[in-house]
Amino acid sequence: MGWMIRNGDVLGQGAQDLALSGQAIADAPPADARVFDATGLIVAPGLCDVHGDAFERNLSPRPGVTFSPEVALIETDRQLIANGITSAWLALTISWEPGLRGLDTAHQILSALEKLRPVLGCDIRVQLRWEVFAFDAADQIAEWMTMSPRPVLAFNDHLTGMVAGGREVKKLDQYAARAGVTSQEYRDLIYSLAKRSGEVPGLVAGLTQAAAAAGVVCFAHDEKNAGVRRENREIGITVSEFPLSADAAHEAVAAGEPTILGAPNVLRGGSHIGALDAAPAIADGLCSVLASDYYYPSQLQAAARLEADGVVSLAEAWPLISANAAQACGLDDRGRLEAGQRGDIIALVRHGNALSVEAVFCAGQPVMIRDAARLN
């Protein structure tokens with residue numbers, strides 16, 4: 001069955017009908033196509049979220065309280081769709097911590113995702129967010145890089161900042177509770193791992209080589225400056241995720257590399273950790289992708305906020321949360337309303353300076369319709 005989306009205000013193109021045949025946008029609908037009446041609605045490509053860890057709250061809404069990965073993923077899927085996100089990379093942290101971000105939990109989540117994939121509305125994928133001091137996880141990370149669909153691999157190092165007395169130190173008690181250990185046990189763990197820092201470069205290099213062989217895109221998290229960006233580029237890490245400085249972002253942009261910032265940064269009017277401010281970075285051409293980070297509504301509302309604040313128009317903001325995001329992860333089959341593209345389309349309503357989702361089509365089929373009267 002195909003679909004015709006009629007009478008919508010297609011973002012950046014004006015009044016236009018869109019046809020869906022099978023899983024893709026088509027030049028014309030099949031003869032048996034049903035109609036979705038988009039009168040009064042903005043029609044846009046579905047959102048692509050390259051880094052979102054809000055799913056962790058569905059798995060563990062408070063320290064010491066956990067629910068099954070199946071329950072968490074089903075709820076996450078509903079939240080993604082409700083916010084117009086049709087492709088999502090779960091930022092699955094694989095850490096040296098036990099508990100929520102440990103290797104065992106990652107196994108459980110990936111197993112549940114594989115079982116549930118056929119019934120999920122959103123195309124949920126995985127960002128393997130590897131903490132580089134998680135030595136025991138390196139072999140498993142390499143194995144997971146061959147999964148289908150292919151993951152993204154992100155390199156993170158939060159341990160060094162903890163040991164050096166950075167901003168993370170203030171949260172050690174909170175992190176210990178998340179890991180299910182005492183604060184002293186947590187401190188003992190990070191200091192024992194820090195003594196093995198000499199092993200890290202070799203492991204990182206090995207995994208970037210494995211990623212290249214598997215066709216997996218590599219992200220670098222929290223790059224401090226241009227020098228770090230250059231060092232990471234040399235070993236095959238080609239995406240700058242949450243660069244901490246304009247210097248790092250400039251270096252990535254000059255090399256034609258994606259730069260990812262957090263959409264909550266736009267909504268809050270700045271970074272909550274005092275890093276690069278997203279809205280001015282977008283205005284200066286230093287940000288090519290906005291990720292939901294820790295709040296799934298943030299992508300859609302950040303695009304609306306950017307328009308309301310006169311930074312860019314809604315149509316100009318959209319690639320930040322759709323086509324550019326998909327391309328940063330190595331996909332060029334989604335994010336544009338063109339024939340042959342995957343049929344991921346959303347219909348929106350304006351509410352002042354905010355947007356809400358009225359309908360979502362994923363892979364050519366409706367997965368959320370708020371008003372059944374629009375169907376014919």
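This report walks through the strands and nonpolar cores of a predicted model.

Strand 1 (residues 3-10) runs antiparallel to strand 2 (residues 14-21), and six bridges link the pair. One of those pairings puts Val10 across from Gly14. The two strands make a hairpin with three residues between them, and Gly12 in the turn has a positive phi of about 80°.

Strand 2 then pairs again, this time with strand 3 (residues 24-26), also in the antiparallel sense and over three bridges. Here Ser21 has Ala24 as its bridge partner. This hairpin has two residues between its strands, and Gly22 takes a positive phi near 65°.

Next comes an open sheet of eight strands, in the order 6-7-8-9-10-11-12-13, with parallel pairing. Strand 6 and strand 13 (289-291) sit at the edges, each pairing on one side only. On average, neighbouring strands in this sheet are turned by 25° against each other, ignoring direction.

For a look inside the sheet, take strand 9 (residues 152-156) and strand 10 (residues 218-221), which pair in parallel over three bridges. Ala154 stands opposite Phe219 of strand 10.

## The largest core

The largest nonpolar core holds 91 residues, and the members touching the most others are Trp130, Leu153, Leu290 and Trp318. Helix 3 (residues 103-116) supplies the largest share of this core, with six residues.

What does Leu290 touch, leaving aside residues up to four places away in sequence? Its contacts are Leu261, Gly262, Ala263, Val266, Ala278, Ile282, Gln299, Ala302, Leu306, Leu320 and Ile321.

## A second core, and Val50

There's also a second, separate core of 17 residues, which includes Val50, Trp89, Ala291 and Ala326.

Val50 is worth a stop. Is Val50 buried or exposed? Val50 counts as buried because its relative accessibility is 0%, and the cut-off for buried is under 20%.

Beyond residues up to four places away in sequence, Val50 touches Trp89, Gln127, Phe219, Ile260, Val289, Ala291, Ala325 and Cys329. As for Ile260, it lies 210 residues from Val50 in sequence, yet their C-alpha atoms are 8.6 Å apart in space.

Conventions. Residues are numbered from 1 along each chain as its sequence is written. This is a predicted model: local features need pLDDT of at least 70, side-chain atom pairs count only at pLDDT 80 or more; totals for chains, interfaces and linings use all residues. Side-chain values use heavy atoms; hydrogens and water are left out. A nonpolar core is a set of buried Ala, Val, Leu, Ile, Met, Phe, Trp, Tyr and Cys residues joined through side-chain atoms within 4.5 Å. Buried means under 20% relative accessible area, exposed over 50%, partly exposed in between (1.4 Å probe, protein chains only). Helices (H or I, at least four residues) and strands (E, at least two) are DSSP runs, numbered from the N terminus. Contact means heavy atoms within 4.5 Å. Two strands pair if DSSP finds at least two bridges between them. Axes are lines fitted to C-alpha atoms, for helices over the stretch in contact, and angles run from 0 to 180 degrees between N-to-C directions.
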